[in-house]
Amino acid sequence: MFMQPQKKLADKAISYWRVQEVLFAVVCIIIFCGLFLIANYFNWFRWIQFVFVGILILVIFACIISWINYPKRFANFRFDFDEKFFYLKDGIWNKSWTVIPFTKIQAVTFGEGLLLQHFGAASIEVQTIGKIYTIPILKTDEAKQLHEQLVHLAIVEEAE
Amino acid sequence: MKNQSPFFMVYRGIDLIRNVVFFYLLLFVVNEGSSAKWVDYGRILFYIGVFYSSVAIIVNWTSTKYLVDEQKIQKQTGLFTKKIQTIPFDQVEHKIVKRNWFHRLTNTVGIDYQLVDSSEIVKLEMISQTQLLDKYDEVKQDDSHLKGYPELQHDTNTNTTIFKPNKIQMIKASFTSLSFFLIIPFSITMYTRIDQYLNLEVHTVNFINRIQDDRGILILFIISLIVCSIMIGLIFTFLKYGNDEFLIKDETIFVKKGTLNTSKIAIEKHKIQGIMLKQTLLKKLFGLYELKLIFNEDDKSGMQSIYPYFSRKEVQLFVEEALPMYSLQQTMQRLPKQALVVRLVRGVVLLAVIWLLSFTIQKWLPFSFYWLAIALSLIVIAGVISSYLQTEFSIAGTFLHLKKGIFGNEWKILRFEKMIGLDMHSSFLQSSFRLGTICFKQYTNHVEEQYLRDISLESISALSRHYQYKTK
């Protein structure tokens, strides 16, 4: 029924997201445990400790939920482009489809963080007025190619 | 890709020295012979800091590269976390050239490229190629025409039409704007002012006593009060809108507003992205419309209210005359029945929250909470049904008609080819009824998002296909 974009993320996306998630969770645990101990040491109000523990439990719960949902997100995330438009589809429960004319693309950014490099991957950001759309993980050469293609199309469309 | 000028490192080095000179004096000159702990630690920190900063300067220079050609600017940053940013020249709105003392000394320049919404700036801090400067100007030259502000004058040209609001409309307007309520703050300030000099309280008490005794005086008093407030409302409205004037000349619409402080606006027709007819609940009763234009011009873009008290006939005439492509005769399509269900579900959830809340704060309420809850329920249900009945849309060639509102009403007519993008969403609740939300984006001086909620997925895909077709 909708235009069904065909291109997928790199296969490593799920493990990349999960590693990211674990790192995030570890940092959270360290921070909140530290805060908890500090609160204990300096005899802060009792409820503050409860708040810390509560936040920590919420964070871990959210992490588990998204851990389970990553394969689904991977399956649902698609992007594509033709000569005039860039398409993006995302979301698990709340789905979204986006159509951006190339004439309105302001900047294309190729990004390569440390973790992404470890996976031999990179990300692409497409910036329009007011909003940035991200393709979180692609193989490095694919991402480079996509970056060039998008820039080229954006420039060609501008000129017309 | 090229590195920036190597002088950049020198410049940063000078900056660094300027920043650390205070700490140097403190640690090595003032406390020269000191054996205090903090001085020792401070010195170690100082060495680490200076070393880190100097390495950072060199790494920053070697890892930052740029490329500027006829079409685009590309900047690469980061050693471990690499980032390549590419911006087509046409998307660059402002170019800021910076030459401070060091730039002049080394014959370099710094250039900031800024995007339309100034959300992002690409900075080239120090580059030696001065010929780069012209590239942007070459590309931008053809559309850098800043037109002079046209003077509003009454030509007897055949292409000129003049509109002036009519008097009967103004009288209606003075009621809908509720400006007659101005009498309340007005009289209160008058009372307190006079009270400072004359003891009004005694007079007031006497007056109230006399009114209570005599019906005739009471009626007279009330009538004079009403007349007075209407007069004030009329005067206020006439002062504000009575002198408004619209002039349509070729491809430009001129608007003159105000009596005491007049302002003039000129809007070029081709820059108009859409129009909006707005009705508040009161205006609906009187059959009045506010006409707004959505447009993008350099300094005064956004939504410009043309005139808030048009009658249906006048607005039709104005639009036909000024913007003939925008037709107000249009049969529109309601949302599917499922939309009403979804909205009722949301309404019921809202009501549940309201009932729960009022139940918990019941103890502190001076009156029975049932009345409050029932009143709120009725308002919410009425709002839901009315919003369903009022939401309509249709496609007319290059235009999208969009009508929505809860108690008031907004009717937007938007041009497809002026939109900057399309987002479609479907929440869990919506997708279980095969519904979704479509969001049309426009750019004026900010991003304007026009939502159409709870529309069937089929219509969404039809709309998006039409959008793609029309922008091609």
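Trainee: How many residue pairs are in polar contact between chain A and chain B?

Mentor: In this predicted model, the count between chain A and chain B is 15 residue pairs in polar contact, both residues at pLDDT 80 or more. Salt bridges are counted separately. The count there is one.

Trainee: Which residues form the salt bridge, and how far apart are the closest N and O atoms?

Mentor: A:Lys131 pairs with B:Asp423. The closest N and O atoms are 3.5 Å apart.

Trainee: Which element gives the most to the side of chain A that touches chain B?

Mentor: β4(A), with eight residues. Others supply at least two residues each, including β6 (131-139) and α4 (140-159) of chain A. The contact takes 38 residues from chain A and 42 residues from chain B. About 3400 Å² is buried between the chains, and carbon and sulfur atoms give 58% of that area.

Trainee: Now strands. Which way do the side chains of β13(B) point?

Mentor: In a regular strand the side chains alternate between the two faces of the sheet. In β13(B), B:Leu288, B:Glu290, B:Lys292 and B:Ile294 point one way. B:Tyr289, B:Leu291, B:Leu293 and B:Phe295 point the other way. All are buried.

Trainee: What does β13(B) pair with?

Mentor: Look on both sides. β12 (residues 272-279) of chain B joins β13(B) through six bridges, antiparallel. There, B:Ile275 has B:Leu293 as its bridge partner. Seven bridges join β13(B) to β14(B), also antiparallel. B:Ile294 is partnered with B:Met303 in β14(B).

Trainee: Which elements do the buried residues of α8(B) pack against?

Mentor: α5 (167-176), α6 (183-197) and β14 (302-311) of chain B. The buried residues are B:Ser229, B:Gly233, B:Thr237 and B:Tyr241.

Definitions and conventions:
Residues numbered from 1 in each chain as written. Chains lettered and ligands numbered in written order. Predicted model: local features only at pLDDT ≥ 70, side-chain atom pairs only at ≥ 80, totals over all residues. Heavy atoms only, no water. Buried < 20%, exposed > 50% of the residue type's maximum accessible area, 1.4 Å probe, protein only. Helix = DSSP H or I, 4+ residues; strand = E, 2+ residues; numbered from the N terminus. Contact = heavy atoms within 4.5 Å. Pairing = 2+ DSSP bridges. Buried area = accessible area lost by both parts, 1.4 Å probe. Salt bridge = Lys/Arg side-chain N within 4 Å of Asp/Glu carboxyl O. Polar contact = N/O pair within 3.5 Å; in protein donor to acceptor, adjacent residues only side chain to side chain.
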